[in-house]
Amino acid sequence: MNVQHYLNIKRVARRTQNHMWFRVPNQIFFNMNAVENLTQFPSTTTIIVTNPALEQIGHVDIVRRHMCPKTHVHVCIIPDAEPEVKVIDQGVEALNFYQADQIIALGGGSMIDAAKIMKLKYESPEADLQELAAPFLDLRKRVIEYPKGKAQRARLVAIPTTSGTGSEVTPFAVLTDKERGRKVTLADYSLTPDVAIVDPQFVMSMPKGLTADTGIDCLTHALEAGVSNYASAYTDANAMQAIRLVFKYLPTAFASPHDEEARCMMHNAACIAAMAFSNASVGVNHALAHAFGARFHIAHGKANALMLPHVMAYNAAVPTKFMPSPYTKGYVAHKKYATVADLLGLGGQTVPEKVEKLIAATEQLLDQLGFPRSIAEMGIPRDEFEGAIPEMVKAAFDDPSWRSNPRMPLMQELVELFWKAYEGRGTARLAAVQPQAV
Ligand SMILES: NC(=O)c1ccc[n+]([C@@H]2O[C@H](COP(=O)([O-])OP(=O)(O)OC[C@H]3O[C@@H](n4cnc5c(N)ncnc54)[C@H](O)[C@@H]3O)[C@@H](O)[C@H]2O)c1
Ligand SMILES: [Fe+2]
């Protein structure tokens with residue numbers, strides 16, 4: 001026994017950096033007529049999954065024209081709505097019937113997500129969607145494993161016809177659970193399409209409302225990925241470029257739908273933003289929008305738009321609770337917003353000033369695109385909204401989207417954010433950033 005035995009020596013493990021990665025499909029074709037590249041992909045039987053509107057517009061015919069002549073092509077038309085399990089089953093039946101070796105998803109995020117889940121169920125019939133949708137904290141450390149041994153394989157080619165979700169490059173698929181009035185997100189890199197064809201000819205037909213909704217969805221992806229706890233220099237590069245492209249080209253794509261350059265740049269922006277959030281994920285804005293959109297049947301982009309300025313102000317303010325993260329050393333969300341403001345040349349001297357200018361510019365963009373300023377303005381009665389709040393807050397809290405948000409939301413804060421969106425914007429800026437201690 002000596003003095004050494006009386007010393008209380010604590011050993012603390014040295015923190016090492018977690019390994020990160022950046023994964024996207026290895027084949028992304030973009031710019032006008034990129035669909036011509038379809039001939040590179042041999043297939044005996046291809047199923048084109050699309051919806052009625054896109055067949056009527058003639059988009060299916062364009063795709064057919066660029067298929068290898070020997071390929072048997074069948075078109076599977078699914079309803080014009082966000083995907084639900086019943087619809088997925090119909091698609092899987094068609095894939096099994098024709099023994100398809102290639103699936104072409106032609107449509108907006110709903111269609112591409114539906115095709116991702118069809119492919120999953122076709123290749124691995126035993127996959128249990130409820131189980132696979134189990135919540136998680138870190139996409140890279142899942143308890144639930146997605147099936148690996150595939151019964152049959154099919155190549156998934158995604159051709160987006162909206163410029164927003166970027167689902168053509170993401171590992172996510174959003175399913176609507178109509179019975180419970182909520183959205184379920186499946187997330188695994190195995191869901192990522194094999195090939196993405198980002199051809200702006202398919203978005204020239206988008207009506208104004210869809211252009212605005214999907215464009216703001218894209219902006220929300222980039223802003224959320226930008227301040228995410230999983231952000232890295234790789235995702236920042238994509239997020240910042242996408243934000244710049246949206247502010248520059250979305251007003252033109254909206255005002256002049258036939259402007260090819262603006263359409264092309266917005267289509268690229270959606271895909272570039274999606275590369276960022278495929279690896280940095282999204283945040284509280286998406287959790288709120290999923291809950292609100294599913295409960296009141298509001299388009300995904302519009303639901304995001306109603307929350308966006310409030311969530312930016314929320315993330316830029318001093319957090320009540322930090323999100324534990326091995327990837328970040330301190331709270332940087334407000335500084336990241338300030339960097340975005342600099343990138344857009346919005347001016348301002350201090351970080352709070354720059355954040356305020358970014359929120360103001362976002363609100364101005366939303367006004368320019370004709371978005372309602374509040375949920376109240378959309379005609380949703382106050383008592384109905386109030387009645388839905390507990391259920392929406394629970395759904396938002398269970399949503400994996402916010403797990404990468406820099407600020408960990410308390411349930412009470414989710415309630416407050418819903419009410420802010422109900423009351424309307426214009427107030428978001430005033431509530432924004434107090435000077436940060438960090
Ligand atoms: N997988 C992901 O990574 C991801 C990311 C964000 C959102 N989402 C999901 O994507 C869905 C929203 O997708 P979306 O915003 O692309 O809309 P959408 O796919 O739901 O399409 C909306 C409507 O637009 C029509 N449409 C599509 N393209 C058109 C065109 N070129 N011309 C005219 N009409 C056209 C469709 O027929 C449909 O009626 C939601 O379910 C959302 O939750 C998925
Ligand atoms: Fe989205």
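Axes are lines fitted to C-alpha atoms, for helices over the stretch in contact, and angles run from 0 to 180 degrees between N-to-C directions. The model is predicted, so that local features need pLDDT of at least 70 and side-chain atom pairs count only at pLDDT 80 or more, while totals for chains, interfaces and linings use all residues. Residues are numbered from 1 along each chain as its sequence is written.

Helix H9 (residues 284-296) packs against helix H10 (residues 300-316) at an angle of about 135°, and their axes are 8 Å apart; helices (H or I, at least four residues) and strands (E, at least two) are DSSP runs, numbered from the N terminus. That angle makes H9 oblique to H10, given that angles under 35 degrees count as roughly parallel, over 145 as roughly antiparallel, 65 to 115 as roughly perpendicular and the rest as oblique. Among the residues that make the contact are Leu288 and Phe292 of H9 and Met307 and Leu308 of H10, where contact requires C-beta atoms, placed from the backbone, to lie within 7 Å.

The domain assignment, which is automatic or taken from a database, divides the chain into domain 1 (27-205) and domain 2 (213-431). The centres of domain 1 and domain 2, taken over C-alpha atoms, are separated by 26 Å, and 28 residues of domain 1 are in contact with 31 residues of domain 2. On the side of domain 1 that touches domain 2, the largest share, four residues, comes from S7.

Tryptophan 21 is located in the segment before strand S1 (27-30), and the C-alpha atoms of tryptophan 21 and methionine 32 are separated by 30 Å.

Technical notes: Chains lettered and ligands numbered in written order. Contact = placed C-beta atoms within 7 Å.
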